[in-house]
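My notes are below, in the order I looked things up.

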Amino acid sequence: MGDMNKFPSVFESIDDLTFEQIRSLLTVSAQNKIRFQDRQFAPYESYRKYVVATSFLEHSTRTKHSFGLAIQKLGCMYVDFNAEKSSLQKGESIEETLLTLWYQGVDICVLRTSVSNQFSEFKNNPPIKLINGGDGINEHPTQALLDLFTLVDQGLELNGKTITIVGDSKHSRVTHSLVRLLPQFGAKVILCGPKEYLYEDKNVQLVTHLDEALAQSDILYMLRIQKERHNSPEYTKIYESYHQHFGIDLAKLKKHNKTIPVLHPGPANIGVEIASDVLKSELFLGYQQVVNSVYTRMAILMAMLENGDKTIGHKPVRL
């Protein structure tokens, strides 16, 4: 994979990676796709010695299964650590649980947590190699990287292009990762949605009218409206009229004479942020994102397994 000796052992944020490391991940993702896409795959022999665990403290289907497939396609042993039935429920700290996994022989743990920025405390003294599978409303870096790979894999130019992210960007961890990632490749980012859904960032333009955003857009990224995060009457009102004002369908695209790619991290609320006619059209890249998720996450695992870090796990304090 080239020189990945400095790849982080705790991968929390897009900011943890250099531009060269990101480019390398894109290259290896493409190589993985060529090797494995016919489904007649033979795992890499050199990775059979490794053990990788997933531990999801928040529910997930796509990310968890994607990592599970990536781990097994690499040839690693896969452990799904069921935190709901673990010692965490008995009062053990996450750090102690991760140390236990390390000393049991697990090399990497993919962790999803409802607590934002939870990974920061482990960076100086990692109890185990850690991948952020989504932390609260902070970041979802592996999703952003697979989105980037999907765009590149489709042959889409990013430099000088405008990518509009539509929806509740304030509470979207993948948006917070994309905003850190896409401008590195020369893309301009617009955040579009009701003003209550937007947040300010030096790297983005805020737009509260979909028509205005569409007029500027080369690529659309539709966010799932997360009803589970909003119980107030204010958000209920926004949800009820959301499709009319911010949902995308083919008619809205044709109105602007636009034939632009549409991404969605899934699962999609059909008839809310996206119409079924878009899902069934060749403009929709959501299924390609699912395909590419495995190959990108394989590349990330490879980089971390090969980074040569010898400082994992706590050493006993001398008395």
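**Ground rules.** I am working on a predicted model, where local features need pLDDT of at least 70, side-chain atom pairs count only at pLDDT 80 or more, and totals for chains, interfaces and linings use all residues. Numbering starts from 1 along each chain as its sequence is written, and side-chain values use heavy atoms, with hydrogens and water left out.

Entry 1: I looked up the strand order and got β1-β5-β4-β2-β3, an open sheet of five strands with parallel pairing. My helices (H or I, at least four residues) and strands (E, at least two) are DSSP runs, numbered from the N terminus. Pairing requires that DSSP finds at least two bridges between two strands. β1 and β3 (77–80) are at the edges with a single partner strand each, so one side of each has no neighbour in the sheet.

Next I went through the bridges. Strand β2 (residues 51–56) pairs with β4 in the parallel sense over five bridges, and Ala53 stands opposite Cys109 in β4. β4 is also joined to strand β5 (residues 129–135) by five bridges, again parallel, and there Cys109 has Leu130 as its bridge partner. Between β2 and β3 I found four bridges in the parallel sense, with Val52 partnered by Tyr78 in β3.

**Entry 2: β4 itself.** Is strand β4 enclosed or open, and why? Six of the six residues of β4 (residues 108–113) are buried, so the strand is largely enclosed by the rest of the structure. I take buried as under 20% relative accessible area, exposed as over 50% and partly exposed as in between, with a 1.4 Å probe and protein chains only. Ile108, Val110 and Arg112 point one way, while Cys109, Leu111 and Thr113 point the other. I noted that Arg112 is among the buried ones.

**Entry 3: the other sheet.** This is an open, parallel sheet of five strands in the order β8-β7-β6-β9-β10. β8 and β10 (262–263) are its edge strands, each pairing on one side only.

**Entry 4: helix α1.** I checked its span: 18 residues reach 26 Å from first C-alpha to last, close to the 26 Å expected at 1.5 Å a residue. The expected span is 1.5 Å times one less than the number of residues. Its buried residues, including Leu25, Val28, Asn32 and Phe36, pack against α2 (62–74), α4 (141–153), α5 and α11.

**Entry 5: what α11 packs on.** Helix α1 (residues 19–36) meets helix α11 (residues 286–305) at an angle of about 115 degrees, axes 8 Å apart. Axes are lines fitted to C-alpha atoms, for helices over the stretch in contact, and angles run from 0 to 180 degrees between N-to-C directions. The contact (heavy atoms within 4.5 Å) includes Leu25, Lys33 and Phe36 of α1 and Tyr295, Met298 and Met302 of α11. By class, this contact has ten nonpolar, five polar and one charged residue. Nonpolar covers Ala, Val, Leu, Ile, Met, Phe, Trp, Tyr, Cys and Pro, charged covers Asp, Glu, Lys and Arg, and polar covers the others, Gly among them.

α4 and α11 cross at roughly 115 degrees, their axes coming within 8 Å. The contact of α4 with α11 has four nonpolar, eight polar and three charged residues. α11 also lies across β1, β2, β4 and β5, running at about 150 degrees to β5.

**Entry 6: two residues.** Phe11 lies in strand β1 (residues 10–11) and is buried at a relative accessible area of 0%. Beyond its neighbours within four places in sequence, its contacts include Leu130, Leu145, Ile300 and Met304. Phe11 and Val110 are 99 residues apart in sequence and 9.6 Å apart in space, C-alpha to C-alpha.

Pro194 is in the loop between β7 (188–192) and β8 (204–207), and counts as buried at 9% relative accessibility. Not counting residues up to four places away in sequence, Pro194 touches Ile238, Tyr242 and Phe246.
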